[in-house]
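Student: Could you show me how to read a few features of a protein model, one at a time?
Tutor: Gladly, let's look at it together.

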Amino acid sequence: MAKGPTFIILLGPPASGKGTQAAQLREALELSHVASGDLFRENLGNETELGLKAKEYMDRGELVPDDITIAMVMDRLSRPDCAGGALLDGFPRTIAQAEALDAALTTQGHKIKLVPNIAVPDEVLVERVGGRRICRVCGESYHVQFNPPQKEGVCDRDGGELYQRDDDRPETVRKRLKVYWKQTSPLIDYYRDQGVLAEVNGDQPIEAVQAELRAAVEKALRVF
Ligand code: AP5
Ligand code: MG
């Protein structure tokens, strides 16, 4: 593997498969999976002040303000299990967040190695979201049709209960997509300009997306 910590950012619209792909890739790369949405949902489950504040925005399909989000993710990245890098999912989501991450990594002499952009047409995403089920314990994503658990309603990994996210209602999903195109899609050019972007076709079976991702990782890091 290339020297220094490995920071990889999975970019892509809501329900493009970031969490699904990260679950497989993190095991292969032995990297910590840092997903901002999962961190907010964990906080909400524990009824922390941060979680309750974030819920107001999440339920409306809007982004949680940058200052809250940046502080939460930076705190997560400072933990020992991220010393070797991290597989980031859902962060950064604005130019301000990307600049804050760049600044923090630069201070430590590190940089982002790869940013796969998982592209999927909007109409496919709206359809996918309806069948999504999430584990209450570990946050793993399933799909009733495309990625069903072995036992209905139960997580394969830890036996946790599967549920539907509050923000997966059709009207909230449409809002999340609008927010994505306005506030997050500019990051595609931001990372392309840094020479770290890799385009991945997310509109194909989960295994095919994973194969494309691994090819991009292999090219960038010389692993597998
Ligand atoms: P977050 O939890 O990050 O949601 P998201 O980005 O909208 O992405 P999702 O988790 O919905 O989708 P995913 O790409 O992980 O797809 P998945 O693998 O589950 O954020 C939620 C909210 O938190 C935001 O709206 C915001 O309010 C707040 N937030 C989070 N981060 C923030 C930040 N940085 N700044 C500010 N606010 C922030 O797959 C989706 C479904 O499709 C599953 O059912 C899966 O099984 C299925 N599937 C996956 N791949 C395929 C495939 N290839 N074919 C068929 N089905 C597939
Ligand atoms: Mg996710």
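Tutor: Keep in mind that this model is predicted. Let's start with one side chain: Trp181 has 45% relative accessibility, so Trp181 counts as partly exposed.

Student: And is Tyr180 buried or exposed?

Tutor: Tyr180 is buried, with a relative accessible area of 5%.

Student: How do I read a pair of aromatic rings?

Tutor: A pair of aromatic rings is described by the distance of the centres and the angle of the planes. Here, the ring centres of Tyr180 and Trp181 are 5.0 Å apart and the planes stand at 75 degrees, so this pair is edge-to-face.

Student: How many aromatic pairs are there?

Tutor: The count is two. Tyr190 and Tyr191 also form an edge-to-face pair, with 5.0 Å from centre to centre and 90 degrees between the planes. Tyr190 is buried at 17% relative accessibility, and Tyr191 is buried at 0%.

Student: What about packed helices?

Tutor: Two packed helices are described by the angle between their axes and the distance between the axes. For α7 (residues 170-184) and α8 (residues 186-193), the angle is about 35 degrees and the axes are 6 Å apart. Tyr180 and Trp181 are among the α7 residues in this contact, and α8 brings Pro186, Leu187 and Ile188. By class, the contact has five nonpolar, two polar and one charged residues.

Student: Which residues lie nearest the centre of the second largest pocket?

Tutor: They are Phe7, Leu77, Ser78, Leu105 and Gln108, out of 14 lining residues. The pocket's volume is about 180 Å³, and its lining has ten nonpolar, three polar and one charged residues. Helix α5 gives the largest share of that lining, three residues.

Methods:
Residues are numbered from 1 along each chain as its sequence is written. Chains are lettered from A and ligands numbered from 1 in the order in which they are written. This is a predicted model: local features need pLDDT of at least 70, side-chain atom pairs count only at pLDDT 80 or more; totals for chains, interfaces and linings use all residues. Side-chain values use heavy atoms; hydrogens and water are left out. Axes are lines fitted to C-alpha atoms, for helices over the stretch in contact, and angles run from 0 to 180 degrees between N-to-C directions. Helices (H or I, at least four residues) and strands (E, at least two) are DSSP runs, numbered from the N terminus. Contact means heavy atoms within 4.5 Å. Ala, Val, Leu, Ile, Met, Phe, Trp, Tyr, Cys and Pro count as nonpolar, Asp, Glu, Lys and Arg as charged, and the others, Gly among them, as polar. On a 1 Å grid over the protein atoms alone, a cavity is a set of points where a 1.4 Å probe fits but cannot get out, and a pocket is an open set with protein on both sides within 12 Å along at least five of seven lines; lining residues have an atom within 4 Å of a point. Grid points are joined across faces, edges and corners, and a volume is the space filled by probe spheres set on the points. Rings of Phe, Tyr and Trp (its six-membered ring) pair if their centres lie within 6.5 Å; planes under 30 degrees apart count as stacked, over 60 as edge-to-face and the rest as tilted. Buried means under 20% relative accessible area, exposed over 50%, partly exposed in between (1.4 Å probe, protein chains only).
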